[in-house]
Amino acid sequence: MSVKPVLLLLALPFLALVAACDKTPATTSPASAVAGALPQVSNARVLLPPPGAPMAAAYFDVLNAGSTAVELRAVSSPSFSSVEMHETREEDGMSRMRQIENVEIPAGGRTSFEPGGKHLMLMGAQLDAGNPVQEIPMSLEFVAADGSKRVVEARFAVQTATDGEAQSHH
Ligand SMILES: [Cu+2]
């Protein structure tokens, strides 16, 4: 009987610590919510070429705030009949681009589609030249490590390309 009070005293600080640990994740963000977080798309813009040009390029940054890796698998837009992911590379002193099927973004990682690197190639513009738009909607389809699909709807700001930019985007 005389041992019990001592044990209780020793146990109390330990219990307080456990309570503090339990509380921290609950008040910030539960692990399940982080795992299912949508990738965050920012700095999204479309470089529209002069009317009549066959293709446009688009760029953006993406942050995977989730706790599992995701792969960007496909991009589509109602404003273009086809959207491809491309990557520009230097080969034998020449700048060449090739189509890429997917882009992996590790947990907590980010990647940029930018001039001279990865970019979106937009073909078959469904735009009315007489009715210019400020933004173009795009749908980015990601697949997480567990196979679940995450679709991010983003609005890309329209920038009109100067001749120099239109030719140097690759
Ligand atoms: Cu391209």
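I took strands as DSSP runs of E with at least two residues, numbered from the N terminus, and two strands as paired if DSSP finds at least two bridges between them.

**Entry 1. Ground rules.** I am working on a predicted model, in which local features need pLDDT of at least 70, side-chain atom pairs count only at pLDDT 80 or more, and totals for chains, interfaces and linings use all residues. Residues are numbered from 1 along each chain as its sequence is written.

**Entry 2. Confidence.** I looked up pLDDT, the predictor's confidence in each residue, from 0 to 100. The chain average is 81, and 73% of the residues score at least 70. Over residues 5-33 the value is below 50, and this stretch has four contacts in the model beyond near neighbours in sequence. I counted a contact when two C-beta atoms, placed from the backbone, lie within 7 Å.

**Entry 3. Strand β9.** I checked its partners. β9 pairs with β3 in the antiparallel sense over six bridges, and E71 stands opposite V143 in β9. With β10 the pairing is also antiparallel, over nine bridges. These two strands, β9 and β10, form a hairpin with four residues between them; G147 in the turn has a positive phi of about 90°.

Buried means 20 or more other C-beta atoms within 10 Å of the residue's own, exposed 12 or fewer, and partly exposed in between, with C-beta atoms placed from the backbone.

**Entry 4. F156.** This residue is in strand β10 (residues 149-160), and I136 stands opposite F156. F156 counts as buried because 22 other C-beta atoms lie within 10 Å. Leaving out residues up to four places away in sequence, F156 touches A44, R45, V46, A58, E135, I136 and M138. F60 is 96 residues away from F156 in sequence, yet 8.3 Å away in space, C-alpha to C-alpha.

**Entry 5. Core.** I defined a nonpolar core as buried Ala, Val, Leu, Ile, Met, Phe, Trp, Tyr and Cys residues joined through C-beta atoms within 7 Å. The largest has 27 residues, and F156 is among those that touch the most other members. β2 supplies the largest share, six residues.

**Entry 6. Positive phi.** Most residues other than glycine have a negative phi. N43, in strand β1, has a phi near 55°. D92, in the loop between β4 and β5, has a positive phi of about 50°. D92 is exposed, because it has 5 C-beta neighbours inside 10 Å.
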